[in-house]
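Here's a quick tour of one protein model, taken a few regions at a time. Keep the structure open as you read.

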Amino acid sequence: RISFGQFTRRSPCLPLPMTDSVQVAVRLRPFIHAYEIDLKTREPLPHVTRVVTMEDKTTIIRDPETSKETQFTFDYSYDSFDSTSKSFASQETVWDDIGMSVLDRAWEGYNVTLFAYGQTGSGKSYSMTGGAGDDEGIMPRASREIFKRIDANTDDELTYRVEVSMCEVYMEKIHDLFNPSAGGKSGLKLREHPKIGVYIEGLNAKLVNGYSDIESWMEIGIGNRTKAATEMNADSSRAHTVLEVILTQQRLKEGSKKAQVKRSKINLVDLAGSERLGKTGAQGNTMKQGIAINQSLTNLGTVIMALAKNSELDKPKPVPYRNSKLTHLLKNSLGGNSKTIMIAALAPSNANYAETLGTLRYANRAKQIKNKAIVNEDESTKLINGLKAEIELLRAQLAGGVNGGGGGGGDGGG
């Protein structure tokens with residue numbers, strides 16, 4: 001005989017946060033810039049040598065002066081240096097590994113963030129936005145895949161809503177890339193809510209019904225980005241760009257008056273490149289932009305360092321998110337309610353050794369960060385799912401007790 005008193009009664013609980021480390025991928029680009037190759041012959045210049053190699057998940061960087069090698073291991077290492085190599089990582093390879101993973105987690109109801117970091121001209125924007133056809137980056141591929149999945153839905157009870165917004169952080173000001181004049185000269189304000197976390201007040205979120213809608217808005221947003229030419233990059237982004245896609249899944253069962261709702265935020269972040277002003281040849285306003293970029297990335301590095309240290313402490317210390325608009329905006333993604341992947345873009349030549357080594361160290365610290373992600377459901381959905389989980393647990397305990405031949409105190413009678 002089984003006494004139900006042996007089972008511990010749990011209240012229909014909210015989903016427990018899932019603790020995940022930030023996943024890190026590194027990607028090596030080919031020689032592409034005028035300081036590396038002869039733009040006519042496409043051959044490397046005499047003084048240029050390759051200092052970064054990859055073997056499976058291990059990335060090796062060689063000091064061009066001492067030949068000392070330093071190794072790093074990451075979740076993914078993408079060698080895109082030589083397109084004729086068997087190990088060459090194409091845009092599709094990166095998308096299949098990282099982009100699909102981001103959407104899979106979003107479909108489960110999690111917030112997800114993918115951000116690209118690296119020095120100016122290292123290939124961040126190529127991975128994130130890319131070009132046309134096979135050169136498309138993660139942003140357009142993700143946007144197309146979202147509607148491919150929605151169009152394949154055959155569940156009459158399930159409906160989807162997709163909204164998109166795009167902003168940039170420029171000179172410590174946040175601008176709506178769909179409406180750059182919003183917020184005036186001071187830009188839009190960051191706010192913080194106890195349930196939804198950090199958000200941008202007044203940022204336009206456009207309802208989209210298909211890939212062509214997102215594509216049109218992305219073209220507008222990319223066209224409004226702040227860019228300038230430098231000696232390191234002819235099309236250097238001067239601001240950090242964030243594309244946010246909000247995916248709402250609503251299930252209304254037949255006969256029910258209230259729908260079950262899951263809402264995920266997909267943040268695709270293209271950071272401006274760190275740069276050494278002496279190398280870029282930046283002057284005037286472009287130099288001021290470079291200083292602001294470096295300062296915000298320094299603050300980001302400080303936050304990553306603090307979060308990495310906190311992962312080893314029983315009592316975490318305060319993290320200086322508010323030191324810059326960028327770090328405050330990324331608070332949910334770094335140490336918060338999000339599943340996060342970082343792509344570190346690497347330049348291959350000896351001229352970039354110091355910056356590339358710095359990027360690798362930066363990425364190595366980032367993989368120590370722990371996030372606590374939860375499925376974003378409305379309260380009624382959480383309650384229903386909590387009750388379902390509890391019922392399944394009780395059934396399993398019952399089955400275990402019966403199969404085990406007892407468990408309650410018997411009275412000896414029949």
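Buried means under 20% relative accessible area, exposed over 50%, and partly exposed in between (1.4 Å probe, protein chains only). This is a predicted model, where local features need pLDDT of at least 70, side-chain atom pairs count only at pLDDT 80 or more, and totals for chains, interfaces and linings use all residues. Residues are numbered from 1 along each chain as its sequence is written, and side-chain values use heavy atoms, with hydrogens and water left out.

Let's begin with T327. At 2% relative accessibility, T327 counts as buried. T327 sits in helix α7, and its side chain makes a 2.9 Å polar contact with that of S324. (A polar contact is a pair of N or O atoms within 3.5 Å; within protein, one must be able to donate a hydrogen and the other to accept it, and residues adjacent in sequence count only if both atoms are side-chain atoms.) Beyond its neighbours within four places in sequence, T327 is in contact (heavy atoms within 4.5 Å) with N299, L300, V303, P320 and Y321.

Now for the sheet: three strands in the order β3-β4-β5 form an open, antiparallel one. Its edge strands are β3 and β5, each pairing on one side only. Strands pair if DSSP finds at least two bridges between them; β4 and β5 are joined by five, with I60 partnering Q71 in β5.

Here are the elements by residue range; helices (H or I, at least four residues) and strands (E, at least two) are DSSP runs, numbered from the N terminus.

| Element | Residues |
|---|---|
| strand β3 | residues 52-55 |
| strand β4 | residues 58-62 |
| strand β5 | residues 69-73 |
| helix α7 | residues 325-329 |
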